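Subject: Structure handover

Hello,

Here is the structure I promised to pass on. My notes on it follow below.

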Amino acid sequence: MLSGFLCPGCRWNPAYCARVAGGTMITAAEYGKTSWELTVHVEQRSGEEGMKFKLRVEGKLHIGGLMLKLVEKIKAPQDWSDYALWWEQKNCWLLKTHWTLDKYGVQADATLYYTPQHKPLCLQLPNMKTIKLSVSYSAVVFKTVADVCRVLNIRRAEELSLLRPPDDPSKKKKKKDKNRDQAMEDILDMDAIGGMSGSPGLYSKTMIPTYDPENGTPASATSLWFGDNPLTTSQPNLPPAELAKLYQPLSLTDKTAINAGWLDSSRSLMEQGIQEEEKLLLRFKYHCFFDLNPKYDAVRINQLYEQARWTVLLEEVDCTEEENVKPASLQYHICKLTMSSEPLDYSNEPDIDEVEAALSNLEVTLEGGNTDRMLEDITDIPKLTDTLKLFRPKKLTLRPYKEYWFIFKDTTISYYKNKEAASGEPIEQFHLRGCEVVPDVNVSDKKFGIKLLLPVADGMNEVYLRCENETQYAKWKAACILASKGKTMAYSSYRTEVRNIQAFLQMKNLAPSSGQATPDLDSMEMNAECFVSPRYVKKYKTKQLTGRILEAHQNIAQLSLMEAKMRFIQAWQSLPEFGVSYYIVRFRGSKKDEILGVSHNRLIRIDMSTGLPLTTWRFSNMKQWNVNWEIRQVAIEFDQNVSVAFSCQSCDCKVVHEYIGGYIFLSTRSKDQNESLDEELFHKLTGGQE
């Protein structure tokens, strides 16, 4: 039994405390300061053995002082500027160096790690190639992705995020992954060629350009780094046998697993359990691609093309036979151009800017020139009048299309029994502002339909219009697209939209144009199985596939490489399932699981057993949304007192909540923002105030 007075700090005899601490006698006055021993592990880079220290600290010591005290005790000549403290038990970084230990709640039972904030991470890009580079494990994922995109020269980083690879419990699937690793993934070490600090990241037209020292001309974004940038080059197609190993038929339920692993953009990699050199997928998460510009977006467009290509090949979106042949012909064309020996120069690509085009037209007009100007007299808004066919689907009815006389003016469609009745009241009017315009086209069958999803209080109403020919379809669809955005046909881009639709229809036409020779299949060297989904390889003979692809290719054979990639992206965007992410949810008041589809402008309630949509709610009608974190339930209120609530079964509710908030955030972007983003607003919309 030790004798004497008790230590006021720990209530033990001070002599005993001194022996436990290391044998050095400490006075009672010093113990009165309530100090304690804190364990700190120091992690080293490059596989070096770590160190462990015990520091005597007080609650009022701030984090910066603790790190200084630790470095002084380590006594190693090393740059510690990238190091920070990680609290393992609480799963958080201690980054606020002015906060004290008491404010953070650090006590004697805490174990801290003094570790580098930047660690290597393996990222599989949309083109299925894997790179390794050092990224911040302490910054929120939103900022980490922005830093990665700056290195890769990808504009609009807010459209991308990091995705965990889907879990693969079966041995058979693991074997497939191994084969894919061997066939596709030669890891490119970015740190060896510049890394986060070595890349200039000059990709923006709003930034100060760099200049070629020899001739003084501006250097293109793609020539600033890598020389011949592999990130702008399309990857070779996989052999059919390798593609077949990757392919798996996906049900609607299977598709819910694809997007379940998105990381939380408001938390760091370390906080989400991501380990050093772990593999993540860098993907375009939000399918609304803003300001795609061939002059500045060579990497972005190529990676978008690659993501679209794999989505189609692996049937992550449903494609009809015609919708499969058209991308196949574009892939074949891109493959031919990529393999050509001509050097690629993106600096001569036109700078697509609607405002500049409008100003140019205005300038010619003011100078008295004669031009086919797009800017119409604002007092004379154009209108369309034509005979179209109308169909409104109803349950358990099979009514055919019926002809009416239609008038399209401003953003409204009115229809009448016939042309003579147009002077009276219309049978019905459709207000297109905020509607969804979906193509319903099959060129080979001469089917030119437009599906309109009109917003109403409890979801969407479907209306089908049928046009007679390509010209009529292009005019009416272009008008509908502008009207859905609240714009009339007087808007400057109307005629451009019409021409784009006509060019797109020409590309979809699988038959060769008049005057074109039928390709000689026996003299052509093409492995058609590489360009279509394995399902169609089983359905058709090689010669049949080759013939169909080559026939479609004749209509796009004159496209440049960048134009072909843009056309492929447009074809991808025209697919009915494009941009819809699926999740298994259970709605409030329901006793069965259902599917929720999240798109860039709407939510879709889908019956799990039939796959048919039940209700659609548009974001434009949303008043507010929030999360009850206790029961993990997302609640949304729409106009006209419509409210829905659901819990997520296939992932955490934060994933779906962030999807909704992210799309709403992206809808606020405009070209006058000088490419700067309000990160605080993003976290406010996606964070859910957890």
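How many disulfides does the structure hold? It holds zero disulfides, a disulfide being a pair of cysteine sulfur atoms within 2.5 Å. Before the rest, two points on the source. This is a predicted model, in which local features need pLDDT of at least 70, side-chain atom pairs count only at pLDDT 80 or more, and totals for chains, interfaces and linings use all residues. Residues are numbered from 1 along each chain as its sequence is written, and side-chain values use heavy atoms, with hydrogens and water left out.

Cys-335 is in no disulfide, and the nearest cysteine sulfur, in Cys-530, lies 8.2 Å away. For Cys-648 the closest cysteine sulfur is that of Cys-651 at 4.9 Å, which is too far for a bond. Cys-648 has 14% relative accessibility and therefore counts as buried (under 20% relative accessible area; exposed is over 50%, partly exposed in between; 1.4 Å probe, protein chains only).

The sheet

Helices (H or I, at least four residues) and strands (E, at least two) are DSSP runs numbered from the N terminus. Two strands pair if DSSP finds at least two bridges between them.

Seven strands form an open sheet in the order 21-20-19-18-24-23-22, with antiparallel pairing. Strand 21 and strand 22 (622–628) are the edge strands, each pairing on one side only. On average, neighbouring strands of this sheet are turned by 30° against each other, direction ignored.

Strand 20 (residues 602–606) pairs with strand 21 (residues 613–618) in the antiparallel sense over five bridges, and Ile-604 stands opposite Thr-616 in strand 21. These two strands form a hairpin with six residues between them, and Gly-611 in the turn has a positive phi of about 75°. Strand 18 (residues 581–587) and strand 19 (residues 594–598) also pair in the antiparallel sense, over five bridges; Ser-581 has Val-598 in strand 19 as its bridge partner.

Helix packing

Helix 10 (residues 298–313) packs against helix 17 (residues 561–573) at an angle of about 45°, with the axes 9 Å apart. Axes are lines fitted to C-alpha atoms, for helices over the stretch in contact, and angles run from 0 to 180 degrees between N-to-C directions. Contact means heavy atoms within 4.5 Å. Residues making the contact include Ile-301, Tyr-305 and Val-312 of helix 10 and Met-562, Phe-568 and Trp-572 of helix 17.

Regards
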